[in-house]
Amino acid sequence: MLVQNILNGISLGSVYALIAVGFALIFNVLKFSNFSQGGVMTVTAYAGYVASRYLSDRLDSLVLFAAVLAAAAVSGAVIAAAVERLAFRRLRRTKSEPVYYFISSITMGILLENLITIYASSNFYSYPRFFATSAVPLFGVNVAVTDMMMFALSIAALLALLFILHRTKIGLGIRAACFDVNTVQLMGMNPDFLVTTALMISGALGGVSGVFLGMNYTLYPQLGQMVVKGFVASVLGGLGSIHGAVIGAVLLGILEIFFISWVGAGWAPVFVFIVMLAFLLVRPRGIAGIIVQEKA
Amino acid sequence: MSLLEVRNLTKSFGGVRAVDDFSFGAEQGEIVGIIGPNGAGKTTAFNLITGVYPLDRGSILLEGKELAGKEQFEITRSGIGRTFQNIRLFKGLSVLENVMTAADPYSPYGLFSLFTLGAAFRRREREVRAAAMEYLALVGLEKYADEKPSNLPYGLQRKLEIARALATGPKVLLLDEPAAGLNPSEVREFIGLVGELRERFGFAVLVIEHRMEVIMTLCSRIYVLNFGKLLASGTPAEIRANHEVTEAYIGKEDASCSV
Amino acid sequence: MDYFVSTVIFTGIALIGVLGVYLITGLTGLFSLGQAAFMAIGGYVSAVLIRNYNVPVVPAVALAIVAAMLAALLVGLPTVRLRRDYISLVTLGFGEAIVALLNNSANITGGAMGISGIPQLTTLPVVLVSVVVCLALVILYKNSKYGRQCLALRSDELAAKSMGIDVYRLKLITFLFAGALTGYSGVLFGFYTTYLEPAAFNWIISAEWTIIVFVGGVNSLTGTVLATILLTWLPEFLRFASEWRVAIYCVIVLLIVNYRTAGIMGERELSPKTLRRLLGRTKEAPR
Amino acid sequence: MKNGTRKWLFCAVLVALLAGFVGAASAKEILIGNMQDISGPTSVWGNAVTRGAEIAVEKINAAGGVDGAMLKLITMDTKANVQEAIKGYNSLVSSGVVAVVGPPVSNIGLALGPIANKAGVPVVGSFIDPRVTVGEDGKPQAAMFLMQPSSVQYSEIMASYTIDVLGLKKIGVLYDQSNAFAVSLMKPYVEYIKAAGGEIVSEQVYTKGDKDFKTQLTKIKEAGADCLYFPNYIQEAVLVTNQRKQIGFDVPIIGGLDFAPPFASLVNDPEAANNIYLANNFSEKEPQLKEVWDVYKAKYGENPVNKVFLGYDKILLIQEAMKLAGGTSSEHVMKGMPVVANLEGTTGVLTISPDTHQPVGLSMVMYKIEKGEYVELGRYVPEKHRAPWSK
């Protein structure tokens, strides 16, 4: 039971992690929590579904799966770029406070969710099965194949992201933008380009998580409301910290599963809230956040 | 006993000693200058005195009472007012309201009096408004009372910061580079203003400034900081004659050129 | 006519709730994603007291408001010292916890199936009087030392502390006042719909209220009131658009937030002075 | 923005305001309201009910309407939200509808009850919570009518089938504690099972938004349940079915209406979508469906789901009530509804009880899902539901 709980927690946490990493990335650059990510995830989940429908006659299961992931990631990047153009670009031009981005992004998320409701909701959809077996025994308990894939891919996506951040020029720019988006101009980089790229990366991550959510939980327009969990995880992890977000997500997943097991799902949100509050009081900067000392 | 006595002020940020064992004092009615190259720890010293950062070590005595360890707002209410190096006015409020806000913490009325439009509330609002107008008049801003601070020119914003600090009722007034960005005639006007205010309120003034004109005219005592440490202290004449001080300044300029 | 009246009543109820958000977000610059939870507390406490314990209306309403304030104290005490970004997280978690609590106490609250059969006590005059009173209280608050200090803390917390403002206490007082207002709007809501269910009080409602405050104008109370009226009536006019309704609503909000960042009213208030300025056209509105 | 522009904007808003209040019904039409979730979380059902109702209206109008007047459907979005529903209902009343087709969401029915009783415009819905149609005083809510088995009737059908037909006595229950639909289907089921000598070996809950039920399923498995009762929405039904297989828990699932098509195709795994029992409102093979089925398929190019037929029957009920009361006003519908008897609908033979405003003796069609295929087991109604006056 204990092993099963931990494994279940990790699998749930890895879903949260992909969302939380997107939050952390954007928080670094624009200093707000990007709630439009939920809408992006929903749209990409449907985009991945369309791709799977179109490709299922032509491709084999694993190749098909890779192709669907790629399609969703690309569509996620494109939508995120569009979101940047429509909801954030002008706010950056007018140097607005982060709260406006927050409002703009929440509204954008609701808009995307509703567009999907309009175009796709008269039916239920679900992804084709990509893998023949659905669960394998591990440490004496059953582990779902999709859960393992999800965990592996979360790790892979995270490593890819860390590579981009630390080994490429655009990554350097994103890290430099932690202090001020406009300082990257000094490095000969266009801030528009930088912000768009950061959003596209997070959109692509959203695409991958969208497909996973869709595979695991079927497709429905409110799929993206899971974004709240990603938000919680990213704050617990320390605002703007990428690896903190992952740790926060996995911890949140394990915490939820344990409380469901101990006190039941009904009381779990109450206990999660209490633990969260206690944690923030002890460590207000989150797991891996840095203390930002305000200068007078 | 001095009005303000600061002993062994020490603060490190991640291994760097920003302020290192700095002791100084100020008497009633005295104007004390703190100078030093950029990064010498002058503003940090102000932030430590006003409680923005907690001290690593040291003590801050105002009229013999310990301030170290108190909350920022408590320190202000005990009688330490300040201005900021980078002007920090309240954007959402009018010029008058900016000053009123600094007097508000002393308003005794509560929510009950407010919601019942009680006499305490109405009287105090009138008083605060009148007092704030008076402070504005002192710095010559009364005709801008209803403007938003962001609409004022830079020099006037500096004056507004001073008016706002006055409204907190300080015994010691901390001015952090109050003349930065002012033109020569504004600087002369400013020097006159500080002198007048000192006469009128009798408080001690600590001033950080790079404009030597300001320091040398106003201050009776000057402390020179370098790399967080006290380099020298004395009257303007003594400081002017001190070689170490001039070296510290020139040295800094050399360093900045070699980057 | 019923349609008109019910829309006016809902607008009034929403307005009182939004006033709470205005205090927290517009005036003080904090984000609460759990404000709807206070509404739930107000509604449920009054409904349960009246239905299950036969408490007379006035004490029931008073107790409901006190309960909402106690909840605000519970959330506020530990959070006012945290960084601003965390307040939205803690309030979000609090909102979820309250909904879970309501679902779990089925023998008192009816759980997910809700409480039905609450007496319909909210009428148009009740709502109108409530709105006027609440609005008056908030106007007084804004134009007193409290409001000034809140605005100061919103624009620069560090400088506010340096002006002797006890920001933690101030945040807590504002939080309590907002909790009371939102709680009261929940009371009115329950007494109008005669039915309460936990699902109606999720974070989306809190987010929508925050959006209203921003559409109205950063710290303009007039703007908040206007935006509440506009944005609660807008969906009614968009009914012809059927399933496109919410989408169009979002687009309008996006346009306002992006192209008129200061909101409808910016920082201006409707006062005799601004009215004169507007009518006399003595001065172009500053951009 | 210049002041001039502002004035124009103001005028535009005013015009829009006025336009909102204009728009009355023309003479030769009978307006029927339709309140459904068009943009919220249950919009899938809302759209299905609306399409079904539209098909019924078109059919009636093609046959000459009611008393020579054409029916016209006005659809209002409820956003699955009580507040929106109240505004929508009042708006429909203002525009002069004589009856309202209600949504398949009980919460809205509960909130509408008192308001509809006062306004006197009846609501015919598929809110399965019995409190919608019967008030706390035990008297029927004057303006509220149900047209499918109530949650009590439905869960008793399922409970009776579990224990009386399948002979399963050790039952595990898993339901969404935050969902009124699920809770209302759980309580009467548990009561029936206990009264009939069965045992609830484990009762587990989850809340809205939860996606991982393996922990709860494992507990039920460990409690030694020989079947799982799971009355929930389709998405969760898919998740539970898949996760049941993942943890190797292979007892039968006794499910709600939501296991009806397209459920099995969503699971997409014949190994997982197996050994599941459910009751649907109708059988796809039943002849009375064919006409609607064909019209729907021709119009939308897909197979109709059960909510389409609910929508269709709601219009039939309103028409029948008008016929019985001999008029087309809302008073006539109110008068006619409680006396509807033996009306051949698509979902069965409808007889409304004047005491409960709920249908009486409505049977359900039992199904078993085997390897992803629906196998029909015939109509079923427990002994205690049979009313003497129904067929």
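Lys and Arg count as positive and Asp and Glu as negative, while His and the chain ends are not counted. The place of a charge is taken as NZ of Lys, CZ of Arg, CG of Asp or CD of Glu.

## Charges of chains C and B

On this basis, chain C carries 21 positive and 13 negative side chains, and the centres of the two sets lie 11 Å apart. Chain B holds 30 positive and 32 negative charges, whose mean positions are 5 Å apart.

## Basis of the model

This is a predicted model, in which local features need pLDDT of at least 70 and side-chain atom pairs count only at pLDDT 80 or more, while totals for chains, interfaces and linings use all residues. Residues are numbered from 1 along each chain as its sequence is written, chains are lettered from A and ligands numbered from 1 in the order in which they are written, and side-chain values use heavy atoms, with hydrogens and water left out.

## Contacts between chains

A contact means heavy atoms within 4.5 Å. There are 5 pairs of chains in contact, and chains A and C share the most contacts. Chain B and chain D, by contrast, are joined by no contact, and their closest C-alpha atoms lie 19 Å apart.

## Chain C

Helices (H or I, at least four residues) and strands (E, at least two) are DSSP runs, numbered from the N terminus. Chain C has 13 helices and 0 strands. Its radius of gyration is taken over C-alpha atoms, and the globule rule used for comparison is 2.2 Å times the number of residues to the power 0.38. For the 287 residues of chain C the rule gives 19 Å, and the radius of gyration is 19 Å, so chain C is as compact as a globular protein of that length. Along the principal axes, the C-alpha atoms of chain C fill a box of roughly 60 × 50 × 35 Å.

A residue is termed buried at under 20% relative accessible area, exposed at over 50%, and partly exposed in between (1.4 Å probe, protein chains only). Of the 287 residues in chain C, 68% are buried. Among contacts in chain C with a separation of 6 or more, 80% are between residues 24 or more positions apart. Accessible areas come from the Shrake-Rupley method with a 1.4 Å probe, and for residues only the protein chains shown count as cover. The accessible surface of chain C comes to about 9,600 Å², and carbon and sulfur atoms account for 70% of it.

## Chain B

Chain B contains 10 helices and 10 strands. A compact globule of 259 residues would have a radius of gyration near 18 Å, and the 19 Å of chain B agrees with this. The C-alpha trace of chain B spans about 65 × 40 × 35 Å along its principal axes.

Buried residues form 55% of the 259 residues in chain B.

Ser154(A) belongs to helix 5 (residues 145-167) of chain A. Ser154(A) counts as buried because its relative accessibility is 9%. Neighbours within four places in sequence aside, Ser154(A) is in contact with Ser14(A) and Leu18(A). The side chain of Ser154(A) reaches the backbone oxygen of Ser14(A) at 3.1 Å.

Tyr49(A) is part of helix 2 (residues 36-55) of chain A. With a relative accessible area of 9%, Tyr49(A) is buried. Not counting residues up to four places away in sequence, Tyr49(A) touches Tyr125(A), Ser126(A), Tyr127(A) and Leu219(A). Asp192(A) stands 143 residues from Tyr49(A) along the chain, and their C-alpha atoms are separated by 31 Å.

## Backbone features in loops

Most residues other than glycine have a negative phi, and most peptide bonds are trans. Lys31(A), a residue other than glycine, has a positive phi near 65°. Lys31(A) is placed in the loop between helix 1 (2-30) and helix 2 of chain A, and at 33% relative accessibility it counts as partly exposed.

Asn54(C) is not a glycine, yet its phi is positive, at about 55°. Asn54(C) sits in the loop between helix 2 (35-53) and helix 3 (57-79) of chain C, and its relative accessibility of 66% makes it exposed. In chain D, a cis peptide bond with omega of about 10° joins Pro261(D) and Pro262(D). Pro262(D) lies in the loop between strand 9 (253-255) and helix 9 (263-267) of chain D.

Definitions and conventions:
A polar contact is a pair of N or O atoms within 3.5 Å; within protein, one must be able to donate a hydrogen and the other to accept it, and residues adjacent in sequence count only if both atoms are side-chain atoms.
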